[in-house]
Amino acid sequence: MPSPHKTPVIDICNLSLEFPSPRGAVKALKDVSLHINPGEIVGLVGESGSGKSVIAMSAMRLLPQGQFRQTGGTVRVLGSDIMAMSEAELERRRGRDIAMVFQEPMNALNPTIRIGRQITAILRRHQGIDHQTAIARALSLLESMQVDDALRVMDSYPHMLSGGMRQRVLLAMAFSCEPSVLVADEPTTALDVLTQAEILRLIWRKARDLGAAVLFITHDMAIVHQLCDRVYVLYAGEIAESGRTADVLRCPAHPYTRALLAAMPGSKQPKSALDAIDGTVPSLIDPPRGCRFQSRCKVADDQCGRKPAMEAVVAGAPEHEVACWRNSERRAKA
Ligand SMILES: Nc1ncnc2c1ncn2[C@@H]1O[C@H](COP(=O)(O)OP(=O)(O)OP(=O)(O)O)[C@@H](O)[C@H]1O
Ligand SMILES: [Mg+2]
């Protein structure tokens, strides 16, 4: 189970980041703070374009050099500033300390190399084991991902496998070096519902078995509910709310979180978050001053033209925080 007193495996502090473009800088992240303790499974939820993948790529330092500007904040992985690491150090840590799986596994696999060789290459690079040992270990890793015919899969090229099987392969690779943290960016979005459920169970069980932490990115609150100890809600590049999953789901404090929850299956509210709330996500080139949700918020007023601070939810559970002036007002009255 999560142990809250050790150094966070990922510690993002006030991260602001933008992408220069001919029409002006895209201000993709503004003052984002997010941490993951050892062994914790943490959800990051928000609609398309909110900056979830930019956060994931920042934690892995995978954003292409020269294409972005970090305008503030720090990203620490297992206590070290990832932006200050040498390439050699980074290469050592990726895969071994921190691993990542993406939405489309085909992009992460080399189409011209058989699966077996791709898995054994990783094992040999990070663990210094011989070829025969690596093959035996690859087979057992695949079996632990519930791949029944692991020998056939090892002998296959990526295009010969189903999407679900390719994602199992990538998870086997990601977990192969027993990383301290796995970053999973919508790993099941492209899969059918049954396969999705199986893969989610696998990630959860394997992470718990290894004591690995997970940053689980999704736009689906139902998945957060099933899987995550804590959750961060992201809107237009800013954290709107965070807390233990049960607390955020039971007592959502931000109007945007409430709209996302209304979109969950079983809710009597409209089906998608975008249907549930009027208006559209603001431009990140020229975002509104103050709260970025204000133009769609039914309870916004003049105050919302100033940026609300992230602070404890009034009468909320420990760790439950929100950035909303309505909460600040209740705090002032309390
Ligand atoms: N390399 C890049 N160059 C320019 N803009 C980028 C780049 N990567 C991301 N962005 C912009 O940053 C914003 C956040 O994008 P991001 O991909 O993180 O969203 P997301 O929450 O992951 O969305 P989705 O759910 O669709 O995956 C978007 O406006 C996107 O256009
Ligand atoms: Mg994304």
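I began with pairing, and I count two strands as paired if DSSP finds at least two bridges between them; helices (H or I, at least four residues) and strands (E, at least two) are DSSP runs, numbered from the N terminus.

I noted that this is a predicted model, in which local features need pLDDT of at least 70, side-chain atom pairs count only at pLDDT 80 or more, and totals for chains, interfaces and linings use all residues. Residues are numbered from 1 along each chain as its sequence is written, while chains are lettered from A and ligands numbered from 1 in the order in which they are written.

I looked up E6 and found that it pairs with strand E7 (residues 181-185) in the parallel sense, over four bridges, with Ile 98 standing opposite Val 181 in E7.

Next I checked what packs here, taking residues as in contact if their C-beta atoms, placed from the backbone, lie within 7 Å, and axes as lines fitted to C-alpha atoms, for helices over the stretch in contact, with angles from 0 to 180 degrees between N-to-C directions. Helix H7 (residues 163-175) packs on the sheet and touches E6 and E7, and its direction makes about 175° with that of E6.

I then turned to strand E1 (residues 10-19), which runs antiparallel to strand E4 (residues 69-77) and is joined to it by seven bridges; Ile 10 stands opposite Val 77 in E4. Six bridges join E1 to strand E2 (residues 26-36), again antiparallel, and Leu 15 faces Val 32 in E2 as its opposite residue. In the hairpin of E1 and E2, six residues lie between the strands, and Gly 24 takes a positive phi near 120°.

How values were computed
Contact = placed C-beta atoms within 7 Å.
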